[in-house]
Amino acid sequence: MEGQHSQGPHEHGDAARALAARHGNPAGLLPAALSRARAGTTAEPGQWAPQVAHTLGMPAAAGLGPATYFADLATPHAKRHVRVCTATACFATQGGRHLAQIERELGVPADGTDHKGETSLQTVRCLGYCYAGPAALDGTLPRTGTDLADQLAGRTPPRAPDIPVTDTTGDPVLLSGILAGRPAWDTWQHTLAHLRPEDVRREIAVSGLRGRGGAGFPVAAKWAAAGARPGTVLVANGDEGDPGSYADKLLMEQDPDRVLEGLALACYACGARRGIVLVRSEYPRALARLHQALAHAVADGHLADTDDTGDPKPVVEIAQGAGSYVAGEETALIARLEGARGCARPRPPYPTDRGLWGTPTVVNNVETLASVPWIIHHGGDRYARYGTSQESGTKLVCLSERFVRPGAFEVALGTPLRRIVTELAGGLKSGNLAVLQIGGPLGGFLTGDDLDIPLTSQALAARGAALGHAGIVAFDTDTDPAELLRHIWEFAAQESCGACSPCRIGTRQGLELATTGTTPRQPYERLARLMSEASLCAFGRRVPAAVRSLARAYGKELAGWDR
Ligand code: SF4
């Protein structure tokens, strides 16, 4: 059944666990053990997490740390556990009113349980149904639409459409399997027989492929930094947390073989014998499909079962996230795999030097890896013909429910935003466009007057926005700018990992200011500068820029926030 999977050898194959065993560190066993302990209990972490840690020979704090940090572990889980999306695209549909409707309907407060302890309700920030929201997961079963509360109450039939998918390139890279029916694993077999690791690295360098998860770092440079040192680990980052983007979800659900093939090619290029796919827990269908694809890939001999042979094929394992936006950042992701709280760590050292359990670790986003088989098959120069001279290739752009034609579109980088928003998406289904959020919470906001720019990082940066994961969420004129501002700060305050005070305190103060509705002037200017300059990771540094771009988009309606 979807969302569930049999307990094959790879179910337990959390690479952190395997590496932990190798390095004699039981902390790698913690994430899965804590998740098992949380399932079906409404008790506070203090009542079960210390015992989990003790069982692994660790102090109570080692269990309490992650159990009180990750949303999945901190919130109660009753027999019926409902997760409701409160992220940006779902907020845009009805101004966030669906949450109150569901609380009333189920008789459960957000992040609590009903009085009998039989139903629990967890707020989550993005389930990847931004094209059809608002959305919820009832257990692992998706529900979407403005009658969400009625669906959860069983009054209207459940609804969860598949992601609408469109290619605009004529020869898709990322959608080559989903739309063009190109089989996976051929390139991998050809590579093993005919290419050396340096051949793969060279083609990726020629292609100009950059990370598609948000940072946009050149893939070839990251691979080179790891230096093919012994013990190198490859992590496919499927912790797609940007509200508004469901590109990785699409690839993991509908073409998981291609994701695994890309990971295998990356492992080969980097001399890594071990790969991990980290999938967010909010994507149960993606988890199930990847587990199935992995089992088939091992059975068909594409991937190894054990790394004790001299076989160049890597051992690949799947790990599950536990509900944290920042834990998608690569150092935080590594901390999570090591059983710690998913907090960002200072860099240097970079993960390519000292990553998972101290070994060189390359973290590539799922969409990035899904491009690799096409590039190796067709050649890097052909990939470089897509896009612009500065930013090559294609990108999956995800459009939110407010558009006439929401869905995932593969476009060449450099495609004018106006073409995407008006021609491909068909404009808004009702009302007039107020603002667009592009690139998730760390991206920025644009107005209808900003659409004559190409979809590139450079052009967006010049407008105070960012490409991020290229999710585009539309807001119509029914949206209250002050409520949207508050939503942005609330997201920031809830998802800040708390590792550094400028962001931990700054996001709370920002939320307080946005909640009181007063016009901030000097105090906010100081706060924004401190966050931008002194935060440890991009999350805290980017929040003021995102707020500034929102304020500029709305003009005098958000006066004072444009600092
Ligand atoms: Fe954590 Fe925010 Fe600091 Fe990043 S900037 S390390 S998210 S507290």
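How many of the six residues of strand S13 (residues 433–438) are buried? Five of them are, and the strand is mostly covered; buried stands for under 20% relative accessible area, exposed for over 50%, and partly exposed for what lies in between, with a 1.4 Å probe and protein chains only. The model is predicted, so local features need pLDDT of at least 70 and side-chain atom pairs count only at pLDDT 80 or more, while totals for chains, interfaces and linings use all residues. Residues are numbered from 1 along each chain as its sequence is written, and side-chain values use heavy atoms, with hydrogens and water left out. Helices (H or I, at least four residues) and strands (E, at least two) are DSSP runs, numbered from the N terminus.

S13 has two partners, where pairing requires at least two bridges found by DSSP. With strand S15 (residues 471–476) the sense is antiparallel, over five bridges. Strand S14 (residues 444–446) also runs antiparallel to S13, and three bridges join them. Leu436 takes part on both sides: Ala474 stands opposite in S15, and Leu446 is the bridge partner in S14. S13 and S14 form a hairpin with five residues between them, and Gly439 in the turn has a positive phi of about 85 degrees.

Helix H7 (residues 97–106) has His98, Leu99, Ile102 and Leu106 as its buried residues. Seen down the helix axis, these fall within an arc of 100 degrees, so they line one face of H7; the arc is taken from the directions from the axis to the C-beta atoms. They pack against strand S1 (80–85), helix H6 (88–94), strand S3 (119–124) and helix H8 (148–153), contact being heavy atoms within 4.5 Å. Arg97 and Arg104, on the other side of H7, are exposed. After the helix comes Gly107, with a positive phi near 70 degrees. In the loop between H7 and strand S2 (112–113) lies Asp111, a residue other than glycine with a positive phi, near 60 degrees. Its relative accessible area is 35%, so Asp111 is partly exposed.

Trp185 is another non-glycine residue with a positive phi, about 80 degrees. Trp185 lies in the loop between strand S6 (165–167) and helix H9 (186–194) and is buried, at 6% relative accessible area. Most residues other than glycine have a negative phi, and most peptide bonds are trans. A cis peptide bond joins Gly133 and Pro134, with omega about 5 degrees; Pro134 is in the loop between S3 and strand S4 (135–138). Another cis bond joins Pro348 and Pro349, with omega about 0 degrees.

The whole structure holds twelve aromatic pairs, in which ring centres of Phe, Tyr and Trp (its six-membered ring) lie within 6.5 Å; planes under 30 degrees apart are stacked, over 60 edge-to-face, and the rest tilted. Tyr129 and Tyr131 form a tilted pair, 6.0 Å centre to centre with 40 degrees between the planes. Trp374 is buried at 2% relative accessibility, and Tyr386 at 13%.

Finally, the ligand has 13 residues around it, of which Cys497, Gly498, Cys500, Cys503 and Cys537 come nearest; a residue counts as near if one of its heavy atoms lies within 4 Å.
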